[in-house]
Amino acid sequence: MVLDDLGTSLRSSLDKLQGKTRLDEDDVEEIVKEIQRSLLSADVDVSLVMELSDSIETRALEEEPPGGTTARDHVLKIVYEEMVALVGDSTALPLEPQTILLAGLQGSGKTTSAAKMAWWFSTKGLRPAVIQTDTFRPGAYDQAEQMADRAEVDFYGDPDADDPVEIAREGMEATADADVRIVDTAGRHALEDDLIAEIEEIDEAVDPDRSLLVLDAAIGQGAKEQARQFEESIGIDGVVITKLDGTAKGGGALTAVNETGSSIAFLGSGETVQDIERFEPSGFISRLLGMGDLKQLSERVERAMQEAGEEDDDWDPEDMLQGEFTLKDMKRQMDAMNRMGPLDQVMDMIPGMGGGMMDQLPDDAMDVTQDRMRKFERIMDSMTEEELENPRVVGQERTRRIARGSGTDEETVQQLLEQHSMMERTIQQFQGMGEGDMQRMMKKMGGGGGGLGDMMGGGKGPF
Ligand SMILES: Nc1nc2c(ncn2[C@@H]2O[C@H](COP(=O)(O)OP(=O)(O)OP(=O)(O)O)[C@@H](O)[C@H]2O)c(=O)[nH]1
């Protein structure tokens, strides 16, 4: 993930301030050095690193912490504010009808991002369309069409035409019904003059509301020059960072954001159309600093719950908070969890659980959890309807039968039943609460006591 290393090292130097009420120059110097080291090793441009660390240093030494604030919280707040300002302190893309032009070098991920963004807008109730103008790369048309199909969004392209400007113009007419039009353009190996001339013409033809620069997270120092050129030719309003699922550090993208005076718009982290997140500066930096990101988490939970419910017409998550919590409900919750994405990503969004906690778990801890979830699923598949509805009927004999039928052992069946009663107790506590208060629910999840947090190994459950 971008600047992962920065998050980890910052947290450890901030932790050294624990208990202190006053900061001395040595403390500040140490933290600033840590920040510089991490940013530079993440490929952020040197002058930008100096600028950022200077302002953190000055503020940490000059600003008086408000009464009652510890030295650690004071520095954390300053680092947070400066980092948010660095990545762009507003959300680059409003949720409204608009035309978006995508620019970037070959292979940066424009075509994939066009479909992903279209999918994202469609989940927000807008009608998107992708317009493919890449006549340069053979196969670009088919790839774009297939991805738009997977995203279930409108698509326009013309495999027989060879003038991208003409395709763009016709595409705008053909997609007049769409709310959000995303115009994909051709990339080249490097910033050649003809690429710039072509994108300027497309820019003129479609007159976009926003132009976004698509950057591979692996790009290093080259980002600055690229950003400058695109900024000069078409004006850049935001950056889409792709391939964050790889090992890249993403520092170059931050440099591009700074160079264009824009913000990060989207983060791409995989090859399927759903692997995208709208960038929210405060949430992102909170996550980086180990403060959690409740907003993203609640979006994911909501989506996963919806998807799990779509396949099961009789199920309404609200019911769970009213009546009994059966093993069937638990199974649905597990399904929903599986849909939320890799557990370590989800964990990072939970306050108090993310931010480095994962680093401290043994490497195979998550595998054990996933493995356990799969076993639980098999066990539930071997249970009768009656047992699923009322697990209390499962005595020793039935436990033996279920263990045999599911190819697991009696101990695991027992653990499942214990897990269920723990979750049932937690759900019963929720039943007394007001309407879906995510914040409190998440606290529960993170704090142990039988909720989803336990299922992920966060509490004292059987994992
Ligand atoms: N792992 C991963 N792969 C990605 C991501 N985004 C794009 N890719 C892959 O990167 C490759 C290039 O992506 P494209 O979307 O074709 O890139 P492009 O910028 O349209 O390329 P040109 O049309 O040649 O300019 C493809 O194999 C994509 O599947 C991502 O977020 N994660």
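Which residues does Ala-253 touch, not counting residues up to four places away in sequence? In this predicted model, the partners of Ala-253 are Leu-215, Ala-217, Ile-219, Ala-223, Val-239 and Ile-241. Ala-253 belongs to the largest nonpolar core, which has 85 residues. Ala-118, Val-130, Ile-182, Leu-213, Val-239 and Ala-253 touch the most other members of this core. Domain 1 (4–86) and domain 2 (98–287) both contribute residues, so the core lies between them. A second core is separate and has 12 residues. Phe-325, Met-330, Met-380 and Met-423 are among them.

The protein chain holds 22 helices and 8 strands. Of its 463 residues, 44% count as buried. Contacts were also examined by sequence separation. Among contacts in the protein chain with a separation of 6 or more, 76% join residues 24 or more positions apart.

The ligand is surrounded by 23 residues. The closest are Gly-109, Thr-111, Thr-112, Gly-187 and Gly-268. By class, the shell around the ligand comprises 14 polar, 7 charged and 2 nonpolar residues. Two helices, H5 (110–123) and H6 (140–151), each supply at least two residues of this shell. Helix H5 gives the most, with 3 residues.

Helix H8 contains Ile-199. Ile-199 has 25 other C-beta atoms within 10 Å and is therefore buried, the cut-off being 20 or more. Its contacts, leaving aside residues up to four places away in sequence, are Ala-103, Thr-185, Ser-233 and Ile-234. Ile-199 was also compared with Leu-101. The two are 98 residues apart in sequence, and their C-alpha atoms are 9.2 Å apart in space.

Helix H8 spans residues 193–206, and the loop from this helix to strand S5 (210–216) carries Asp-207. Asp-207 is not a glycine, yet its phi is positive, near 45°. Asp-207 counts as exposed because it has 9 C-beta neighbours inside 10 Å, where exposure requires 12 or fewer. A positive phi, about 60°, also occurs at Lys-243, again a residue that is not a glycine. Lys-243 sits in the loop between strand S6 (238–242) and helix H10 (251–260).

The mean pLDDT of the protein chain is 78. Of its residues, 72% reach 70 or more. Over residues 352–366 the pLDDT is below 50. In the model this stretch has 28 contacts beyond near neighbours in sequence. The model scores are ipTM 0.97 and pTM 0.64.

Methods: Residues are numbered from 1 along each chain as its sequence is written. This is a predicted model: local features need pLDDT of at least 70, side-chain atom pairs count only at pLDDT 80 or more; totals for chains, interfaces and linings use all residues. A nonpolar core is a set of buried Ala, Val, Leu, Ile, Met, Phe, Trp, Tyr and Cys residues joined through C-beta atoms within 7 Å. Domain bounds come from an automatic or database domain assignment. Two residues are in contact if their C-beta atoms, placed from the backbone, lie within 7 Å. A residue is near a molecule or strand if its C-beta atom, placed from the backbone, lies within 6 Å of it. Helices (H or I, at least four residues) and strands (E, at least two) are DSSP runs, numbered from the N terminus. Ala, Val, Leu, Ile, Met, Phe, Trp, Tyr, Cys and Pro count as nonpolar, Asp, Glu, Lys and Arg as charged, and the others, Gly among them, as polar. pLDDT is the predictor's confidence in each residue, from 0 to 100.
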